[in-house]
Amino acid sequence: MKIEKLVIYGFGKHEDVTVELGSSINILYGHNEAGKTTIQQFILHILFGFPPRNSQFLRYEPKSGSKYGGQVHLRDPLYGKCMIERVRGKSAGDVKVYFENGEQGDEKALKRLLRQYDRASFEAIFSFSLLQLQDFEKMDEQQFSRTLLASGTTGVDHLLQIESKMEKEMERLFKKNGRNPMLNQKLNELNTLEQELQEHRKKLDHYAPAIRRLKEIDESLLTIRTEMKRLTDEVRQLTTARQLYPLYVEKETVTKRLQSIGSQQFPADGIGRYETIRHKLTEAEAIVFSLQDEMKRLEQILEEQVEEEKLIGLNQLIAKESDWHRKLSTMTALETEQASLLERQAQLGSRLGMQTPEEMEILIRADASIRKEEEMYERLESLKAYDQELVLIEREQKRLQEALQRISEKAQYVTRPSDEAIAQAKNWPSIQKQMAEAKAYHAIQAQQQQQTKRIGMIFIGLALLLIGYSLINQQYGLLFIASLIPAVALFYLKSRMNDSNAQEMDEILATYQGREQEMTDLVIRVESYEHERKKLKEEKSQLELDMHRLQETYDGLLVDIQQTEQLLQTFLTHYGIDGLPSATIIPELFRMIREIQEVTRQLTDVKKKRAQFASEIGQRMLEAEAILKQDIPREDLYDWIRKEQQRHLQVMERQKAQKMRRSELANELQEKQTYRQFLREQIQTLFQEANVDGEEAYYAAYQIQQEKIALMEQQRTIDLQLAVHGEFEIDMSETDVTLENSIQNLKEVIEEKGQDETVLVEEKAKLENQTTALITDETYSQLQQQFEVEKAQFTELAKVWATKKALAAAIAQMMDELKEKKLPNVLAEASSIFEKLTDGRYASLLITTEGTFEAVSTFGMHFPIIELSQATKEQAYLSLRLALAGSMIETAPFPIIMDDPFVHFDETRLSHIIEVLEQSTAHQFIYFTCHEDMQYRFKRAKTINVSEIGKIRSDK
Amino acid sequence: MTNIRFLHTADLHLDTPFKGMAHFPAEQFAILKESTFQAFSNFIAYAVRTKPDFIVIVGDIYDGEERSLRAQLKFQEGMKLLQKAEIPVYLSYGNHDHLKGNWTRFELPENVHVFNGEVEEKSLQVRGETVNLYGFSYPERHVRQAMIDLYPVAENDAFHIGLLHGSVDGDETHAVYAPFTKAALLSKRYDYWALGHIHKRQHLQTEPPIVYPGNLQGRHRNERGVKGFYDVTLSKTSSDLTFIPASAIVFENVPVSCQGIRHAGEWFDLCEDVLHAFTEQVGAAVVSLQMVDIDAEADALFQQTSEEEWLFALRDRFQHHSPLLWIRAIQFERQVIENDASEILLNPVMETMEHWGKEDWETLLSDLYQHTRSMKYLERLTAEEVEEIQMEVEKSLRIELSERR
């Protein structure tokens with residue numbers, strides 16, 4: 001295929017341009033930006049379609065807005081002259097192919113024309129540039145080698161990927177000895193299913209034998225059942241014989257017996273009648289006996305004695321019953337009283353501190369009379385009086401002492417006057433004497449008056465006491481006396497007040513008082529001092545005298561008290577009391593003593609009374625016991641007596657009744673005895689009728705009569721039974737036992753047969769079930785269908801596997817062919833080109849077993865590609881590409897587009913490559929370069945100056 | 001002259017499992033299984049209703065040596081019905097139910113006349129006419145002998161009918177089934193040749209009729225179409241054959257034109273319409289759908305999902321269809337995809353494969369197909385299947401390459 005002409009409508013910078021190309025080498029020269037690449041892209045775009053708008057490729061749509069696209073005119077070895085026109089349309093542009101013969105085509109035709117190559121595949125083989133080479137430089141050895149290989153067989157990688165994918169998928173589907181892949185699993189399932197099928201099929205094999213056996217069983221059953229029927233009939237015969245046999249025997253016996261009995265007489269309803277009479281007789285006899293018994297008993301009762309005396313005694317005792325009970329209750333009361341008295345006695349004794357009976361005895365015996373009591377009170381009174389007096393004295397003593405005290409105090413305050421004054425005062429002794437006397441007398445009088453007043457007070461108190469006492473005790477005589485006392489006292493006092501001495505003194509004083517006034521100061525002073533002193537002295541001694549007297553009285557009193565107390569002590573000692581208790585409780589003690597003595601006396605009384613009652617009660621008991629002839633508890637005495645009386649009364653009553661009864665019984669007995677005799681005679685008559693002489697014989701006769709009747713009935717029944725079976729031969733030589741044995745034997749045989757039958761019937765039922773199940777069981781066909789389904793799935797999967805296997809194998813085979821046939825050819829060609837290019841420096845290019853490329857020098861040295869120089873590397877690459885393109889000239893005779901790939905070549909090598917290119921005429925070369933001199937290197941090349949393309953147009 | 005009327009059937013294959021029913025749901029097995037019985041029942045019912053003079057059954061009543069007892073029972077019941085209707089039956093056993101098989105035969109009623117292992121003649125009277133029937137049962141699985149040579153030549157005016165279970169000489173794979181030639185049959189001068197063994201209904205000759213009635217019930221995808229038997233009326237001068245459909249399930253390829261289909265929904269509706277119309281016509285069916293007239297848009301639609309997915313989706317739609325409708329497969333008949341730049345890679349691969357012969361294929365696939373464990377479940381690949389595989393290879397290679405673009 002050679003491109004003859006490019007007609008550019010509008011593409012990148014080119015518009016409305018036509019480029020004519022030569023059939024072999026075309027050199028498109030131009031400076032940078034002249035539009036070389038645009039032309040190159042134009043060719044590819046028109047052939048393979050405009051790239052999509054968003055793709056990495058430029059679309060080269062003209063900026064000027066002129067028509068996008070153009071034409072490529074070419075000549076193809078197969079299709080001849082063609083013109084491809086692509087213009088703006090759908091994304092890839094609208095394309096038309098015009099063939100030489102006038103046919104038109106679209107994309108499809110273009111595809112055919114381009115041998116189904118796409119742009120990538122095309123570029124990979126037929127288009128190369130320095131850029132691609134530079135890319136290679138960066139790659140490592142392996143990648144480099146792969147790219148070299150892949151560059152000639154584009155998409156091989158894809159195929160290899162697909163192959164390995166298929167291999168993997170196959171492994172997932174099936175492994176020869178695998179377990180998990182789908183087919184292996186299915187295989188297992190199928191195997192299992194098949195085994196299951198086999199098992200079911202084996203079950204079906206049971207059908208035929210089962211059917212055969214069923215037939216056999218039916219035959220056996222028929223035989224057994226016939227035999228059983230025959231045996232059963234025989235048994236029935238024998239059973240009848242056995243049933244009838246005893247009847248015959250019985251009939252014979254009955255007949256014989258009847259004959260032996262002969263004729264027998266017996267009164268009609270003989271037994272009934274006899275037994276009625278007999279019964280009555282027994283009754284009558286029983287009554288007679290019981291009457292006799294009763295009589296005997298009555299006689300016995302009547303023999304009992306009645307104790308009338310005892311009854312009288314008892315009656316007397318009962319008459320005294322109330323007296324008895326009174327005594328008993330009094331006794332009880334006395335006992336209670338005695339107890340309470342004893343308790344009181346003990347209580348008082350302990351209160352008085354009596355510890356021993358002896359002390360007690362003394363106490364009881366002691367005199368506690370009124371006189372003694374008075375004596376006691378007298379003593380106590382005097383003691384009390386002494387005490388009161390003592391108190392009065394003590395009070396007086398105290399008063400005197402106080403007076404003494406006052407005097408001594410006064411004495412201290414009296415100051416002694418001067419001696420002169422004393423002397424002067426001596427002149428006045430007489431008067432003074434009189435005056436002093438008068439004054440002293442005055443003083444005494446005053447004192448006496450004081451005393452009188454005191455006595456008066458005493459009288460009044462006494463009178464008041466008496467009045468109070470008399471009012472309380474309502475003794476009006478005493479009241480009168482009391483009222484007299486103040487009157488007497490008043491009189492007495494009056495008489496004392498009218499003393500004549502006093503009047504006289506007063507008169508003296510009054511007379512001399514006027515004259516003394518003159519000597520007042522002195523006399524008074526001396527005299528008063530003297531007087532005072534004297535008076536004090538006198539007073540003091542007076543007082544001391546009084547004191548002394550009082551002391552004497554006091555001492556006398558103390559003696560009196562002592563004596564009185566001594567007497568009280570002695571008094572108490574008589575009652576067994578030691579020590580002197582306080583005066584107040586002594587009367588209480590005396591009262592208690594008297595009470596205890598009272599209690600003791602009462603006790604003695606009680607004891608005396610009790611003794612008396614006890615003897616009376618004892619007397620009564622003796623009486624009662626004499627009558628009752630029995631020891632009786634005292635409490636129940638009268639119960640017993642009343643009971644005894646009651647009993648005696650009853651006995652008397654009873655005897656009276658029994659006597660009446662006895663005479664009644666005697667009559668009745670007579671009557672019954674007569675009746676008994678009558679019955680005995682009747683029995684005798686019955687015996688005579690039966691021609692027997694006693695009861696036993698009579699009954700025997702009756703038995704025989706009964707037997708006869710039964711036998712006749714039996715005979716009739718047997719005849720009837722025998723009649724049912726009609727005439728029946730009985731071998732009387734057989735016995736029941738032999739018959740029974742025969743029947744038993746037969747029955748055993750039948751039973752055995754029956755068992756056989758049951759076994760067979762069961763087996764039959766089982767087999768019938770089995771066969772029915774086998775016939776109706778759908779599992780087997782279900783399994784068969786399932787097996788088929790599984791098998792179909794297996795087959796399907798197997799086909800999937802086969803598809804993958806075939807694809808993988810086809811790819812592998814193709815690749816092998818590629819490697820083993822095509823590649824060596826390409827390599828050989830490449831080697832020869834490479835040798836030429838390197839001017840014989842290298843002999844060949846080869847692929848190592850590892851898949852990497854190596855260059856071999858003429859001396860046999862091997863160099864990995866990476867070790868070659870840049871230019872040599874490029875030359876190796878070029879050699880491979882050219883060889884590859886050359887090898888495909890048949891299937892893909894496309895032009896080779898080159899973009900300045902020789903820049904690194906030295907002169908020699910450049911000329912070599914040009915030589916090579918010029919020699920390979922099969923391909924059209926379209927060579928883009930910016931090196932001007934390149935156009936002169938080629939001998940047979942058509943040169944097109946790209947820079948001038950536009951100029952040509954613009955020239956137009 | 002009196003006419004005689006009889007029914008001619010063969011290849012009942014009672015209780016046969018259906019083949020190639022991959023992924024068929026187990027819960028619907030019963031429908032498949034019943035189909036052979038149903039077809040047989042249809043046949044018996046027709047006979048009882050129309051009362052033919054007699055019936056001939058030419059071999060392969062049962063599917064195999066492991067025939068189910070149930071099949072025998074059903075057959076026996078059918079025969080009893082015919083006995084009740086007083087219809088005599090003449091039958092011979094074929095390669096599938098040959099005499100040597102070790103099984104218990106159910107007792108057949110007296111109206112059934114069975115040919116034994118050697119060619120024999122049986123006669124009956126039909127309204128004063130004598131009918132002679134000739135035939136034999138397969139004494140064993142394979143009968144290589146041309147049994148036809150043992151059939152007597154007809155010599156009188158009676159009706160002569162030959163029963164022969166076998167195949168025309170020449171087909172290598174069927175040489176073991178009493179091979180015969182048409183000329184040999186014609187030479188016997190019979191009035192009717194009742195053939196069996198070939199499941200496809202066909203007439204080898206119109207006058208006198210030499211007829212394969214086909215089987216009563218198709219059992220796999222290659223036994224397509226409505227199946228049944230022949231109702232034959234013969235006179236000495238003419239014959240009249242009526243085909244009576246009996247099959248319960250029909251296997252068929254159903255084309256669906258996909259012109260203008262753009263969306264999946266449209267496609268589903270289309271398939272449903274086509275299939276509803278189809279089942280209305282034939283009843284229960286197992287179909288292969290063939291997508292034809294696939295234009296670019298339809299193709300683009302189908303490319304969206306794998307073919308398997310389309311199949312499963314469509315099966316779902318007919319899961320509970322009544323009568324039974326099982327979509328066995330969907331075939332997409334595509335034109336070669338245009339504008340495919342991968343040709344350059346595809347072609348060499350396919351070319352390489354086209355060079356492979358039968359043996360190459362067998363060697364290639366021996367790992368699985370000759371594997372000791374799996375070979376018994378895999379039948380040898382036919383040329384047709386190899387071609388299918390090649391097409392599949394191309395398809396998957398295209399897909400793989402386009403994915404790598």
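Me: Helices here are DSSP runs of H or I with at least four residues, numbered from the N terminus. Taking helix α23 of chain A in that sense, which residue just after α23(A) has a positive phi?

Reply: In this predicted model, the residue is Asp839(A), which comes just after α23(A) and takes a positive phi of about 55°.

Me: Why does the length of α23(A) agree with its number of residues?

Reply: The expected span of a helix is 1.5 Å times one less than its number of residues. Helix α23 of chain A covers residues 779-837, so its 59 residues should span 87 Å, and the 82 Å between its end C-alpha atoms agrees with that.

Me: Where does α23(A) bend?

Reply: The bend, of about 35°, lies at Leu823(A), and a proline, Pro824(A), follows within four residues.

Me: In what order do the three strands of the open sheet in chain B lie?

Reply: The order is β13-β14-β15, with parallel pairing, and the edge strands β13 (250-257) and β15 (325-332) of chain B each pair on one side only. Neighbouring strands are turned by 25° against each other on average, direction ignored. Between β14(B) and β15(B) there are seven bridges, and Ser288(B) has Ala329(B) as its bridge partner in β15(B). Helix α4 of chain B, residues 264-282, packs on the sheet and touches β13, β14 and β15 of chain B, its direction making about 145° with that of β13(B).

Me: How many residues does each chain bring to the contact between chains A and B?

Reply: An interface is often sized by the accessible area lost when the parts come together. Counted by residues, chain B gives 47 and chain A gives 54. The side of chain B that touches chain A divides into 26 nonpolar, nine polar and twelve charged residues, and the helices that each supply at least two of its residues include α1 (29-50) and α9 (383-403) of chain B.

Conventions: Residues numbered from 1 in each chain as written. Chains lettered and ligands numbered in written order. Predicted model: local features only at pLDDT ≥ 70, side-chain atom pairs only at ≥ 80, totals over all residues. Pairing = 2+ DSSP bridges. Axes fitted to C-alpha atoms, helices over the stretch in contact; angles between N-to-C directions. Contact = placed C-beta atoms within 7 Å. Nonpolar A, V, L, I, M, F, W, Y, C, P; charged D, E, K, R; others polar. Bend = angle between axes of the 7 residues up to and from the residue.
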